[in-house]
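Let's walk through this model together, one region at a time. Please keep the viewer open as you read.

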Amino acid sequence: MNQTATAPASESINSGLQPGADPMLPVPYIIQKTRRELRDTFTLELTPALNSDQPFHFAPGQFTMLYAFGYGEVPISISGDPANPGTLIHTIREVGAITRALGRLKRGASVGVRGPFGVGWPVTAAEGSDVVILAGGLGLAPLRPAIYQILAQRARYGNVCIYYGARSPADILFLQQLQRWRGRFDITVEVTVDRAPADWSGRVGVVTQLLTRASSQSGFDPVHTIALVCGPEVMMRFCASALNEQGVGDERIYLSVERNMKCALGFCGHCQFGPGFVCKDGPVYRLDQIKPLLTIREL
């Protein structure tokens, strides 16, 4: 176990961009597979159109700008395995014209990709610590690369706890994968839903209840824990408060912040968050860096 109380820095990598490449110019990728995850959520598996041998290296928590030709582009977190840079995977919720257009594309269709961009989860720097992962709804997708990397290097971490909350059993993302992870003997995986039918035998309630129960059972050591949190902003605020109550300091809690991003390079100002920009300074922030901003409505 890591006996220091110093929080690690978040991580980023930009080697997905070719040397000298224009970061504003989308690179064509081909859809190899589409998979419907939920009623309004799907996953795209992409490979480069021009050079299928060119890997796309990224850090867990980073995002790309996906371009649907004829519609525009949208920021999407990468949800694939960092150890498999030959395939670029995004899990997307249909919430607007661009994401709906991406959802209609079939195998063999072309999309544009810019990136990777942003600051990712502190996965490497968290080695030696317990890791608590709190996800709500689609927030599991940006956390999945971090989970892949942690499980691939399991011996480098202390206790690993994954707590996931969804609106209902029908809204549980990556259900089969959660079941496989739960079947391991070296991590804790708990799932809860806000509401459920009578035949649901799992937990009902908010995800912070799982956190409180885990701490009472010594699932992790708060002083030596790194927490990764992603989901709706109100959920993240409550999770941060619950982690504080369990003894996890702000400097050891990381949140992924979502804002309206257009250029991904800090030029347009659409994603300004306090004095910085989410596309450059985030999307992953340490809580003590942004805690006052989270209390400001409409920011």
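Is Phe174 buried or exposed? Phe174 is buried, with a relative accessible area of 7%; here buried means under 20% relative accessible area, exposed over 50%, and partly exposed in between, with a 1.4 Å probe and protein chains only. Before going further, note that this is a predicted model, in which local features need pLDDT of at least 70, side-chain atom pairs count only at pLDDT 80 or more, and totals for chains, interfaces and linings use all residues. Residues are numbered from 1 along each chain as its sequence is written, and side-chain values use heavy atoms, with hydrogens and water left out.

Back to Phe174, which sits in the loop between β8 (160–166) and α3 (175–182). Helices and strands are DSSP runs numbered from the N terminus, the helices being H or I with at least four residues and the strands E with at least two. Phe174 is not a glycine, yet its phi is positive, near 55°. That deserves a second look, because most residues other than glycine have a negative phi, and most peptide bonds are trans.

Tyr148 belongs to helix α2 (residues 140–152) and Trp181 to helix α3, so the pair ties together parts that are 33 residues apart in sequence. Trp181 is buried as well, at 7% relative accessibility.

Now turn to the sheet. Six strands form an open, antiparallel sheet in the order β4-β3-β6-β1-β2-β5; two strands pair if DSSP finds at least two bridges between them. At the edges stand β4 (72–77) and β5 (88–93), each with a single partner strand, so one side of each is left without a neighbour in the sheet. On average, neighbouring strands of this sheet are turned by 40° against each other, direction ignored. Axes are lines fitted to C-alpha atoms, for helices over the stretch in contact, and angles run from 0 to 180 degrees between N-to-C directions. Strand β3 (residues 63–68) runs antiparallel to β4, and six bridges join them. Phe63, for instance, has Ser77 in β4 as its bridge partner.

What packs on this sheet? Helix α1 does, touching β1 (27–38), β2 (41–48), β3, β4, β5 and β6, and its direction makes about 80° with that of β4. Thr99 has its place in this helix, α1 (residues 97–104), and is buried, with a relative accessible area of 5%. A polar atom of the Thr99 side chain lies 3.0 Å from the backbone nitrogen of Gly96. Leaving aside neighbours within four places in sequence, Thr99 is in contact (heavy atoms within 4.5 Å) with Phe42, Val74, Ile92, Arg93 and Glu94.

Strand β6 holds Arg114, which is buried at a relative accessible area of 2%. Its side chain reaches the backbone oxygen of Cys263 at 3.1 Å. Beyond four places in sequence, the contacts of Arg114 include Pro23, Thr64, Glu73 and Lys262. Pro116 lies in strand β6 (residues 110–117) too, and the peptide bond to Pro116 from Gly115 is cis, with omega near 10°.

Pro283 is found in the loop between α6 (278–281) and β15 (284–286). Ala264 is another loop residue, placed between β12 (253–256) and β13 (272–273). Ala264 has a positive phi of about 70° although it is not a glycine, and is buried, with a relative accessible area of 3%.

Methods. Polar contact = N/O pair within 3.5 Å; in protein donor to acceptor, adjacent residues only side chain to side chain.
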